[in-house]
Amino acid sequence: MLTTIDGCSEQSFVQAASLDHIIWKSQVYDHLSNQIRLSDNDIEGHNQCRLGEWCNHGLGNQKFSHLRSFQRLDEPHRQMHEYGKAAIAAFNQGNESEAINQAHMMESASNQVQRCLNDLLNEIEN
């Protein structure tokens, strides 16, 4: 029973991290559409978000660092945050075309993060 509960808890965390990234990206998009006002320092970096802490210092690192999908996660996760911050900075400097370019790269990196998280869920279940 403890194994089942532990597995469900891990799956729930990965799913929550996935939702966190959607929320994080929505902040970038809300800024780019003038719904909110941010500086690139207003949003957390890849080591400060819940997934980054879990991967670098938390149970994720302790339990899953040996898994291939976990090992592939850090780079696109870092890139997603960097591109999002760069999109905000470019937008704040009035360079909308560069902001859009950075947002596209953020989205591409985000898709890679989502694939890694889905693969991680599959590896955890198996």
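Is F70 buried or exposed? With a relative accessibility of 9%, F70 counts as buried, where buried denotes under 20% relative accessible area, exposed over 50% and partly exposed anything in between (1.4 Å probe, protein chains only). The structure is a predicted model, in which local features need pLDDT of at least 70 and side-chain atom pairs count only at pLDDT 80 or more, while totals for chains, interfaces and linings use all residues. Residues are numbered from 1 along each chain as its sequence is written, and side-chain values use heavy atoms, with hydrogens and water left out.

F70 belongs to the largest nonpolar core, which has 17 residues. A nonpolar core is a set of buried Ala, Val, Leu, Ile, Met, Phe, Trp, Tyr and Cys residues joined through side-chain atoms within 4.5 Å. The members that touch the most others are V14, L51, W54, F64, F70, L73 and L120. Two or more residues of this core are given by each of helix 1 (2-32), helix 2 (50-56), helix 4 (68-92) and helix 5 (96-125); helices are DSSP runs (H or I, at least four residues), numbered from the N terminus. Helix 5 supplies the largest share, six residues. For L73, leaving aside neighbours within four places in sequence, the contacts (heavy atoms within 4.5 Å) are L51, C55, V113, C116 and L117. A separate second core holds 14 residues, including L38, I43, A90 and A99.

The aromatic residues deserve attention next. The structure holds two aromatic pairs; rings of Phe, Tyr and Trp (its six-membered ring) pair if their centres lie within 6.5 Å, with planes under 30 degrees apart counted as stacked, over 60 as edge-to-face and the rest as tilted. The ring centres of W54 and F64 are 5.8 Å apart and their planes stand at 45°, so this pair is tilted. Because W54 lies in helix 2 and F64 in helix 3 (residues 59-64), the pair ties together parts that are ten residues apart in sequence. Both partners are buried: W54 has a relative accessible area of 9%, and F64 is at 7% relative accessibility. W54 also pairs with F70 in an edge-to-face arrangement, with 6.1 Å from centre to centre and 65° between the planes. This pair links W54 in helix 2 to F70 in helix 4, 16 residues apart.

Which cysteine sulfur is closest to that of C49? It is the sulfur of C55, and at 7.9 Å the two are too far apart for a bond. A disulfide is a covalent bond between the sulfur atoms of two cysteines, and the cut-off applied here is a pair of cysteine sulfur atoms within 2.5 Å. A search of the whole structure finds zero disulfides. C49 is buried at 5% relative accessibility, and C55 is buried with a relative accessible area of 9%.

Two polar residues complete the account. H31, in helix 1, is buried at 0% relative accessibility. The side chain of H31 makes a polar contact with the side chain of N92 (2.7 Å); a polar contact is a pair of N or O atoms within 3.5 Å, where within protein one must be able to donate a hydrogen and the other to accept it, and residues adjacent in sequence count only if both atoms are side-chain atoms. E53, in helix 2, is partly exposed at 42% relative accessibility. Not counting residues up to four places away in sequence, E53 touches N47, Q48 and G58.
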